[in-house]
Amino acid sequence: MSEVENKVVPVEGEEKDYVEDGKNKLIVKCKFCGSKILDKKSAKYMTLEKELPLMQQDNNRKEGEIQNEAVNEFYHVENMYTFENIGFTHTVANCKYLSCADCDAGPVGYYDMDTKHSYVAISRIVHA
Ligand SMILES: [Zn+2]
């Protein structure tokens, strides 16, 4: 059985209650342990379609298979030192996946090794 997925596709220009002046209005935290990932207004809101591996892979999947989902909303972090806490996992192509520095939950986004910019998936964090 698959989990209920958040399939809301954002409309361009629509006001989000967690975005102010194009930035994250609230503190960004790990969904699982509450560790602080980003401070208020430290990252830019953007829409972009990117496939990320599911945080919880189905145990019945085929061996070696990775289940992905498309994520549409991100916080764009240009400088990795902007993060309060973040972990990096394995490298795939020219990306590293971001994970929670405290509980290793992830991927919560990805780091582009060419541009050195990071993208935090809004569907995978909580605001506080
Ligand atoms: Zn965590």
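Along the chain, the donors of the zinc ion are spaced as C-x2-C-x66-C-x2-C. Donors here are N, O and S atoms within 2.8 Å of the metal (3.2 Å for Na, K and Ca), and sites may look incomplete because water is not among the atoms. Cys33 belongs to the loop between β3 (28–30) and β4 (36–38) and Cys103 to the loop between β8 (95–99) and β9 (109–112), so this pair ties together parts 70 residues apart in sequence. Strands are DSSP runs (E) of at least two residues, numbered from the N terminus.

This is a predicted model, in which local features need pLDDT of at least 70 and side-chain atom pairs count only at pLDDT 80 or more, while totals for chains, interfaces and linings use all residues. Residues are numbered from 1 along each chain as its sequence is written, and side-chain values use heavy atoms, with hydrogens and water left out.

The SG atoms of Cys30, Cys33, Cys100 and Cys103 are the protein donors, lying 2.3 Å from the zinc ion. The site is tetrahedral, with angles of 106 to 112° among its 4 donor atoms; four donors count as tetrahedral if all angles lie between 85 and 135 degrees.

The table gives relative accessibility, where buried means under 20%, exposed over 50%, and partly exposed in between (1.4 Å probe, protein chains only).

| Residue | Relative accessibility | Class |
|---|---|---|
| Cys33 | 38% | partly exposed |
| Cys103 | 34% | partly exposed |
| Ile86 | 18% | buried |

Ile86 is located in the loop between β6 (68–77) and β7. Leaving aside residues up to four places away in sequence, Ile86 touches Ile37, Leu98, Ser99, Ala101 and Val108, contact meaning heavy atoms within 4.5 Å.

Technical notes
Tetrahedral: all angles 85-135°; square planar, octahedral: opposite > 155°, others 65-115°. Helix = DSSP H or I, 4+ residues; strand = E, 2+ residues; numbered from the N terminus.
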